[in-house]
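Have a look at the model first, then read on.

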Amino acid sequence: MRALSLLMLVLTAPLWSWGDKGHRVVSILALRSLPPGPRAWFLGREAELCEHASDPDHWKKDRKEGPRHFLDMEPYGDPEHLPRTLDEAKAKVGGDYYRLGVVPWIIQDRWRDLVEAFRSGDPAKVTLATAILGHYIADAHVPLHTTVNHDGQLTDQRGVHSRWETGLVERYIVAEDLPIQPAQPDEAFLQRPWDWLVASHGLVPQLLADDREADRTTPQDSHGKQRSPAYWTVFWARQGPVVEQQLQLAGKHLGDAILSAWIAAGRPPSAARPAS
Ligand SMILES: [Zn+2]
């Protein structure tokens, strides 16, 4: 019975984010991108940050949580004219706006939480606020978090969501091999999520085409559920650079977010003692 419920848990695992490993990788990249001032706040708390990076995926019993992880763009028309406020979203699509996803606004709210955490002087609060902010920033870099066809259900490619963000990441990504871009302060940080989402959205057609191509050129089992090793080789050859790029960008943007929040809080020195 226990095994069965565990299986159910796995089968119904959230479709709305990088797997656990992806979120850990983004946290690690962000920490490595930071200059000493904000970096000092996380000394001895690196593991804690990674452990909490997937927390929001465990909050989905609350029905309001799911839409915080994505933004379906198509109902809004031209991606260059996405709504910038919830009022604008509502005006464009009516009462459905929340169901279509609210990730850019959640990133704004959680970034303000991080500024407050820095002001509080408590490194534990800073770590937790960073983990939560980082989760949503990472999700905004997953192309399939920007489309109504989020699991390939409209193009007969069910499961592509997890094949891309978990299957490829678990099989092939080595965090230590990914290059680090130093974090930069960004005064317009609160407007950035829209740029990331538009860029992510532009990656959707090729991602779906590559999944189809990997399926077309490799053997499948009779149920079409389990992919063969050949499938993974082909899908990785085509999408590996994109997965790596999106993880790197998410790590860089989380680094920018932390640095900018620390500056907005008045560059507070950390009370944490460096590990000797
Ligand atoms: Zn998520």
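The report below covers the metal site and then the charged pairs of this predicted model.

## The zinc site

Let's start with the metal. Asp57 (OD), His69 (ND1), His135 (NE2) and Asp139 (OD) coordinate the zinc ion, at 2.0 to 2.6 Å. Along the chain, these donors follow the spacing D-x11-H-x65-H-x3-D.

The arrangement is irregular because the four donor atoms around the zinc ion subtend angles of 85 to 177°. Asp57 is buried, at 10% relative accessible area, and Asp139 is buried too, at 0%.

## Salt bridges

The model has 16 salt bridges. One of them pairs Glu46 with Arg39, with the closest N and O atoms 2.9 Å apart. Glu46 is partly exposed at 25% relative accessibility, and Arg39 is also partly exposed, at 21%.

Another salt bridge joins Asp210 and Arg238 (3.3 Å, N to O). This pair links distant parts of the chain, with Asp210 in helix H10 (residues 204–216) and Arg238 in helix H11 (residues 229–264), 28 residues apart. Asp210 is buried at 3% relative accessibility, whereas Arg238 is partly exposed at 39%.

Salt bridges that share partners join Asp186, Arg192 and Asp195 into one network. Within it, the side chains of Asp186 and Arg192 meet at 2.7 Å, N to O. Asp186 is buried, with a relative accessible area of 16%, but Arg192 is partly exposed, at 28%.

Definitions and conventions: Residues numbered from 1 in each chain as written. Predicted model: local features only at pLDDT ≥ 70, side-chain atom pairs only at ≥ 80, totals over all residues. Heavy atoms only, no water. Donors = N, O, S within 2.8 Å, 3.2 Å for Na, K, Ca; no water. Tetrahedral: all angles 85-135°; square planar, octahedral: opposite > 155°, others 65-115°. Buried < 20%, exposed > 50% of the residue type's maximum accessible area, 1.4 Å probe, protein only. Salt bridge = Lys/Arg side-chain N within 4 Å of Asp/Glu carboxyl O. Helix = DSSP H or I, 4+ residues; strand = E, 2+ residues; numbered from the N terminus.
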